[in-house]
Amino acid sequence: MNNLARKKSFEEALNRLEEIAEQMENNETGLENSVKLYKEGVELSVYCSEILNKAEQQVMELRESADGVFSKRNFNMGEE
């Protein structure tokens, strides 16, 4: 992964991905430029995915047990 993607915040990388998608949808973008945009898009996509995975690992949920003791555990949205 290039250093340019690593220096961007998640929001900056996501905005750039949106820009790339718009440019690639433009019929005026040539093949050479499309390939460059695609490569940059893939790198940014991997970068964003890594950030989301790290955030998911860091999210913890406090749970109170029947005896009033709180404990931390991984947050699971599908669980009640």
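The model is predicted: local features need pLDDT of at least 70, side-chain atom pairs count only at pLDDT 80 or more, and totals for chains, interfaces and linings use all residues. Residues are numbered from 1 along each chain as its sequence is written, and side-chain values use heavy atoms, without hydrogens and water.

The order is α-α-α-β-β.

Show the surface. Of the 80 residues, 16% are buried, meaning under 20% relative accessible area with a 1.4 Å probe, protein chains only.

Next, select residues 10-25. This is helix 2, with 16 residues. From first C-alpha to last, helix 2 reaches 23 Å, close to the 22 Å expected at 1.5 Å a residue (1.5 Å times one less than the number of residues).

Which residues of helix 2 are buried? Pick Ala 13, Arg 16 and Ile 20. Look down the axis of helix 2: its buried residues fall within an arc of 60 degrees, so they line one face. The arc is taken over directions from the helix axis to the C-beta atoms. An α-helix has 3.6 residues a turn, so residues three or four places apart point the same way.

Turn to the face away from the buried side. Glu 11, Glu 22 and Glu 25 are exposed there, that is, over 50% relative accessible area.

Finally, select 31-58. This is helix 3, part of what covers the buried residues of helix 2.

Notes. Helix = DSSP H or I, 4+ residues; strand = E, 2+ residues; numbered from the N terminus. Contact = heavy atoms within 4.5 Å.
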